[in-house]
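Me: Please take a close look at the salt bridges and their surroundings. A connected account, with the cut-offs behind each term, would be welcome.

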Amino acid sequence: MGRPRAAVLAMAALAVLALSGAGAARAAGADGDGGDGPSLSWSAFGTAGYAVSDRAWRYQRFVDDGGTFKRDTVLGAQVDLQLTPQWSATLQPRLAPATRNDTRWDLTAAWAFAAWRPNNDWLLRVGKLRVPFMLRSAQLDVGQTYDEARVPTEVYSLLPASDFTGAHLSRNWSRGGGELALDLYHGDSPLVNRNRVWLREPSLGAAPAVMFSDLEITVTGAVLSWNTPDLSARAGVHHTRVRNADGSGLLVRPRWVDLGGGAGYWQTRGAGLERVSNSNNVALTLGAEAQLGGGWRLAAEWLRIIPRELEMGMSSTSAYLTAYRSWSALTAYATVAAIHPGSGPLKWVQQLETTTVPGSVQDASALNASMRARADIVPLFRQRSLALGASYALSPTSKLKAEWLHTHAQGSQFMDVPAGQGLLQPRRVNVLSVSYSFAF
């Protein structure tokens, strides 16, 4: 039996156990037989999603005109062990497309932590956790908890890390009709973040290919939240330190090599280049979701990423605004989203794309190919999107969703650009998505 099939069967079995376990736990609580001793509860969640576009090249890793289930499909379960009123532990296995392979599925532990709650105001968790970046960070895999077919790529796919192993401290204060919360966290994300890059021409004459590089990331941050029945707001300051897992340095900028006679090229490999062992980045986040009455709701989030050392590092400002209108079990929504790159990535892609070594120069083709390959690696994202969709609650624990997405870009690493085409060429793509999400 192949590994993906075995993983699917394992997760299916775990989901069945989760459903029965959760039911048993609820039944025990209803009968009053839970007692004051340790208790174990189970739950399960998942999304079966299909997406198809009107382009032969891929968008967001998997979506093309052939259709795919990989973009949005995920299956998971959660086991919660309550040892005492103060001490607990959580394990959340998750089956989803692999982070370092476009064809494989991986079964991983998304959450695996111990928690200590001395009282209702304090909570300390230690282990494998989710970074509290955005409003839906903790529920990213649980599609049943939100109405969109998927959270906006322009914001959520740019987050420098999603999971980390470390400590997360929360402090809550009740204030009038709301609750103020402060979250502090610190940890490492070793070998979890695989940087995926689509190379139009990996080397001279080579076919397009995908390159994955392992990044080790240290994350530290503070998040302040305010929650009332009608409003959720969040603001955060985050610091990340990124390094290559293999110990190789990170390129600060290419070096200009003058060949004489008005010719030259940007050197991107070899000796003589400025490199740093770590890249420090600051991420600022803001978000809010408000109930407006009459079935209307608004959500908006903003993300700013600022690199400290790398001129070609991730630098961007992105945001989205979503308006929802609900009628009983049906919710319709419209989302506008955009990413604007910083001056560094855009400048270097333009330089690497437009500089051409004349054919009269020795190894001209190889030099030109090296500049195009480095341009592919620069994290440039410049696009805007409009999404129209709806969700229908089949039950309190399941939703059926559909969405049409239109994206226009002039340079975006989310798009696998065909060989021979320019990165900054305007491109448009339409994506149709349908999905079923559940959480029991």
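Reply: **Salt bridges and their setting**

R58 is partly exposed, with a relative accessible area of 32%; buried means under 20%, exposed over 50%, and partly exposed in between, using a 1.4 Å probe and protein chains only. The model is predicted, so local features need pLDDT of at least 70 and side-chain atom pairs count only at pLDDT 80 or more, while totals for chains, interfaces and linings use all residues. Residues are numbered from 1 along each chain as its sequence is written, and side-chain values use heavy atoms, with hydrogens and water left out.

The side chain of R58 meets that of D64 in a salt bridge of 3.9 Å, N to O. A salt bridge is a side-chain nitrogen of Lys or Arg within 4 Å of a carboxyl oxygen of Asp or Glu, and by this rule the count comes to 25. D64 is buried, at 14% relative accessible area.

A second pair is D102 and R61, joined at 2.7 Å, N to O. This pair links distant parts of the chain, 41 residues apart: D102 lies in the loop between β3 (87-97) and β4 (105-119), and R61 in the loop between β1 (39-53) and β2 (74-82). Strands (E, at least two residues) and helices (H or I, at least four) are DSSP runs, numbered from the N terminus. D102 counts as buried, at 11% relative accessibility.

R200 forms a salt bridge with D376, the closest N and O atoms being 2.7 Å apart. Because R200 lies in the loop between β7 (178-199) and β8 (209-228) and D376 in helix α4 (residues 364-377), the pair ties together parts that are 176 residues apart in sequence. Both R200 and D376 are buried.

Salt bridges also link R136, D147, E148, E289, R297 and K399 in a network. Within this group, E289 lies in strand β14 (residues 279-293) and is buried, with a relative accessible area of 16%. Its side chain makes a polar contact of 2.6 Å with that of R297 and one of 3.4 Å with that of R136. A polar contact is a pair of N or O atoms within 3.5 Å; within protein, one must be able to donate a hydrogen and the other to accept it, and residues adjacent in sequence count only if both atoms are side-chain atoms. Not counting residues up to four places away in sequence, E289 touches several others, among them L135, D230, S232 and Y324, where contact means heavy atoms within 4.5 Å.
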